[in-house]
Amino acid sequence: MLIASHNQQLPQPTLPIQQVTMATSDLEFLEQANQYLQVHDTHETFDVGILDRVVQIMNQGAGEAQKKAAFILASFKEIDSAWMRADAILEFAANDETKYYGLQILEAMIDTRWKSLPREQAEGIKGFIVTAILKLTTATDAAETDKLYLQKLDLVLVSIVKQEWPRYWPTFIEDIVGSSFSNENVCMNNMVILRLLSEEVFEFGTGMTSARAIHLKEQFCSQFEGVHKLCKKVLEVTSNGDLVLATLRTLHGFLNWIPIGYVFADNLIDLISQKYLPFLRFRSISLQCLVEVSSIPIEQGCHTYDQNLVQMFVNVVEIMQREITDGVNLAAGYANGSTEDQKFLSNLAQFYSTFFKEHLSLVEEPARLKKDMNLRAKLNHALTTLINLTQIEDVEVFKICLDFWNWLCSELYRQYPFAENRFAMFDGLGLRENENDNTRRGFFNSHLSQLRALMIGRMVKPEEVIVVVNENNEAVRELVKDTDSMILYRTMRETLVTLTHLNPRDTETKMTEKLQNQVNGSEWSWKNLNTLCWAIGSISGALTEDDEKRFLVTVIRDLLGLCEQKRGKDNKAVIASNIMYVVGQYPRFLRVHWKFLKTVINKLFEFMHESHEGVQDMACDTFIKIVMKCKNHFVIVQPGESRPFIDEIIENLNSIICDLSQPQVHVFFEAVGFIIASEHSENIQTNLVSRLMQLPNSIWDEIIASAGNDSNIISTPDVVKNISHILKTNVAACKAIGIGFYPQLKRIMSDMLAVYQFISGNINTAIGQHGQEILRQPLIKQMRVVKKEILVLLSTFISRAQDSRQPGTIRVQSEEIVSEVVTPLFGTVLRDYYDNVADAREPKVLSLLAITVTALKEYVYEAVPNMIQAVYESTLEMITKDFESYPEHRTNFFVFVSAIIRYSFKSLFDLEAKYRDFTVEAINWGMRHTMRTVAENATAILRQLLCQIAELDAKSVNKELAQEFYRAYYLKILEHVVTVAADYNQVPFVGLTNMAETLCIVFEAPEDNISVALYQPGEGANNMDYIVNQLMIMLKQCFPHLTESQIRITVDGFFSFNKNLTKMRDHIRDFMIQIRQHNGEDTSDLFLEEKAREIEKAQSEKNAIPGVLNPHAIRDDDEMQ
């Protein structure tokens, strides 16, 4: 047994061991085992066999027995004294899984309770782990399972070292270096321990306060000389391949933080790049080390290590020249190679890319100016190799290479953009290469030409393209937009655009040649055509207008010819998709060539009748994309035309959209809406809106007229679907037209609200007759869609209310919008929301209210109290029962609260105090939410609230309101915010920066704003002292294991760092770490004195700013006398 506490008295076991082991079924055994484990006395012998069987059932069992076993193991781990059984478990367990479980128990104790252990216990555990590691590392016949066990023991030792070193284990580095010379296996494992410690201290920093992490980093750096000598000695003399591999891996972990002098000292880099890089087994890890060396930041102007870096580059290239001869197909080698081969090529790409980005000038200048012809040859070989690596069909390798090429092209363009392109024709013919070979552009010319062809051939799918080839080689509509693919596309597009600026003729020539190969069939395939057209579309705007015109006419002509030439609907669909994409990418050309633009639009209208999957979607999307860039050209009379083209479109509207699906019709109406919005004449715009909406209005009028004779017609499925479609069409048009949609909205407003009220009544009746299960019925769901679309239409229009202040739009006063839209709307919608059962309430009502308050601000000030009364209590009843149900309601509710606080804050003071209570309680509850968006929004809203209160306080007329608010709510808010900051599980939902910003504002208030006493007479002398005392009492009650000094420094830090966000973030993080650790009386590793000095310094710097200190807190000359 590990050294047990003599003061601990636990109840005696109620079950003898024999009774547990005699249990027949697994469930019976587990029930008895649970009793045994929960009440076992630490002074008695522990039967590890019982734990073995529980672990076995958990790993190999099934059903209830497995669940029960998992519960027992989790419960046993939570017992404070469970770690005292770790030595018995590790020594006598028959199963390796049980040993791992024992180590987990021990590791959890080390992370949280180590400092509270008596020294003899801590030393006992440390000695036990070290002995166990030495026993395994000195064994000559260690099995594979022992190696896994050793890995876990190493992790536990590192956890101990983080707690013990350097105060209680000052010789740790000396011990581990010294023991490494005794045995190669010990040395190999010591390398692993050093690497794990390095990762914990310099990368992860888990479980350590910021002061502790800084101290350990300084300690590691100061004692690194011994480790450096050990690594160098091993690499120089050992012939053990496993030990070399372990040492190189450890060095790789060190290289990004050790003092730079150690990196270039002696011959360490030469050992890696010359001795080990040529060997197959070590080449990948050697390259990884050299990548780290290449990325070490060196101060600008420091040339001390230039020669070392150049020699490292030369060493690598010399080896690669032997490994990668001319003509080797790296793409094929990667595709057919082993995992190790692929890793090597990926690391080589990483090395070249990193070295060139950081140190290209060191090798480029002497090579380009022909000062060193040997270096010039090596640089050319490296660049050619990197081009070949870029051809590898692996996205990650391609991204590595692309990152460098993108950087290089941007650098060359920034240095000299070649805006005039006077010599472009010669560049394409390659006639200028020798003449300008000493320029940067000339030096990289041949490599960049290869890169252009590569970019064109590998361009990835942009978001706009919908028709793609699936795994069955069929042309289908792409439904999912790949985010990673979009990021890659943007980088490739940027690179190809820069390449085009550097040599437009070469880019144009390569694209034209590839297009000719599509036409003549030599390279015809859907994939090749797609990538080519995506590349063509990506360089829009990179050519001069004349070049772009000539190039685009050629491309469209060849694509149309290809469409005529190929047979089969699939082929034509792919070609049509690419034509539409390319055309949509060149709005500059379309704007200055009206006839071509009109031809393209008419061609798109033809494609809207094409039945092949995806083509109609592509046509509609291309139409709206072109309209967004060329909309003004549709509303003016073009040369050779007798009327604006918009008149022709609306006149033929029915025939254009007759074959489109409903979602496609909505896209079409939105596109036409953008055209109408560009019309500057109010009368013409009103007329165009009326004509555009004529078709949906006629169907709407017919439905309303029929409903006048028989209102039940609105409850029939077909009519409900029609109403939904009409409303969505109105939403699409309104989204684009904006305030100009007002006449149309006014036309249907009263009927629309009547439909809303009627459908809502039907839903409520159905619920009353059949219960809330009726809400799952398809017809009821469709009815709710109608309600939702009415709310969306109103939200869309109201959100555009500010458009009325822009020139060239219909002039509608905000007061008119309130009287004609908002007031009638609320009479129906708010009452409906209040009266409905919870499941039938529409969450869009809350977002509509938020939009109304945000868009109309002071114009709806008088209506805000009615909004609050209608939705506050009813919504809070729904969403505060748990953290999961009604997710859309809870999200929208906080958006509504935010809108009130931002734009109609004083309305909260026009209501009963209970609504302010609701607001504060809702914010406090929202911060504890497990939905990230809600927790983040609630925290941000609290900041808005406190800022608004501070503004009220600044205005003398409202000062009493502000102080009354502080008196009523500040201490509640303070207590709650600190409680959330202390919740290790909740802070990730709120966000550490979000939490820190809020704490800064909360702790600024008593210093800057609060003048009213927050305490009762006799409870304190001033607010600051009272708040500090209350916080210390609260924290001591919540975290009794914290010392008085820890609590005092925590509270002082909240005040001292309230104007420094970075410091407040670190302070919260340190606080969360401390509350999870039981340090006992030993708080040395927390560096509390240093922290106190830092807090005092921050407070002094803050107080030095004139006006920061409260005038009553300053001792003036009169007082001193």
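Is Lys126 buried or exposed? Lys126 is buried, at 7% relative accessibility, where buried means under 20% relative accessible area, exposed over 50% and partly exposed in between, computed with a 1.4 Å probe on protein chains only. The structure is a predicted model, in which local features need pLDDT of at least 70 and side-chain atom pairs count only at pLDDT 80 or more, while totals for chains, interfaces and linings use all residues. Residues are numbered from 1 along each chain as its sequence is written, and side-chain values use heavy atoms, with hydrogens and water left out.

The protein chain has 53 helices and two strands. Both kinds of element are DSSP runs numbered from the N terminus: helices are H or I with at least four residues, and strands are E with at least two. Of the 1121 residues of the chain, 53% count as buried. Contact means heavy atoms within 4.5 Å. Among contacts in the protein chain between residues at least 6 apart in sequence, 75% join residues at least 24 apart.

Side chains of opposite charge can pair when their charged atoms come close. A salt bridge here is a side-chain nitrogen of Lys or Arg within 4 Å of a carboxyl oxygen of Asp or Glu. By this rule there are 44 salt bridges. One of them joins the side chains of Glu123 and Lys126, with an N to O distance of 3.3 Å. Because Glu123 and Lys126 are three residues apart in helix 7 (residues 119–138), about one helical turn separates them. Glu123 is partly exposed, with a relative accessible area of 36%, whereas Lys126 is buried. The pair also belongs to a network of salt bridges that links Arg119, Glu123, Lys126 and Glu164.

Another salt bridge, between the side chains of Glu364 and Arg368, has an N to O distance of 3.0 Å. Glu364 and Arg368 both lie in helix 19 (residues 339–368), four residues apart, which is about one turn of the helix. Both Glu364 and Arg368 are buried. In the salt bridge of Arg557 with Asp558, the closest N and O atoms are 3.5 Å apart. Arg557 is exposed, at 51% relative accessible area, while Asp558 is buried, at 11%.

Thr498 is buried, with a relative accessible area of 9%. Not counting residues up to four places away in sequence, Thr498 touches Cys409, Ser410 and Tyr413. Helix 24 packs with helix 26 (residues 526–538) at an angle of about 65°, with the axes 9 Å apart. Axes are lines fitted to C-alpha atoms, for helices over the stretch in contact, and angles run from 0 to 180 degrees between N-to-C directions. The crossing of helix 24 and helix 26 is right-handed; a crossing is right-handed if the near helix is turned clockwise from the far one by less than a right angle, and left-handed if anticlockwise. In this contact, Tyr489, Arg493, Leu496 and Val497 of helix 24 meet Trp534, Ala535 and Ser538 of helix 26. By class, the contact of helix 24 with helix 26 has five nonpolar, one polar and one charged residues. Ala, Val, Leu, Ile, Met, Phe, Trp, Tyr, Cys and Pro count as nonpolar, Asp, Glu, Lys and Arg as charged, and the others, Gly among them, as polar.

Gln616 is found in helix 31 (residues 615–630) and counts as buried, at 13% relative accessibility. The side chain of Gln616 reaches the backbone oxygen of Met608 at 2.7 Å. Leaving aside neighbours within four places in sequence, Gln616 is in contact with Phe607, Met608, His609, Glu610, Asp659, Leu660 and Gln664.

The loops hold some backbone features. A cis peptide bond, with omega of about 5°, joins Trp165 and Pro166. Pro166 lies in the loop between helix 8 (144–164) and helix 9 (172–180). Asp266 is not a glycine, yet has a positive phi of about 55°. The loop that holds Asp266 runs between helix 14 (260–264) and helix 15 (268–276), and Asp266 counts as exposed, at 58% relative accessibility. Lys857, also a residue other than glycine, has a positive phi near 45°. Lys857 lies in the loop between helix 41 (844–856) and helix 42 (864–879) and is partly exposed, with a relative accessible area of 29%.

Note on methods. Polar contact = N/O pair within 3.5 Å; in protein donor to acceptor, adjacent residues only side chain to side chain.
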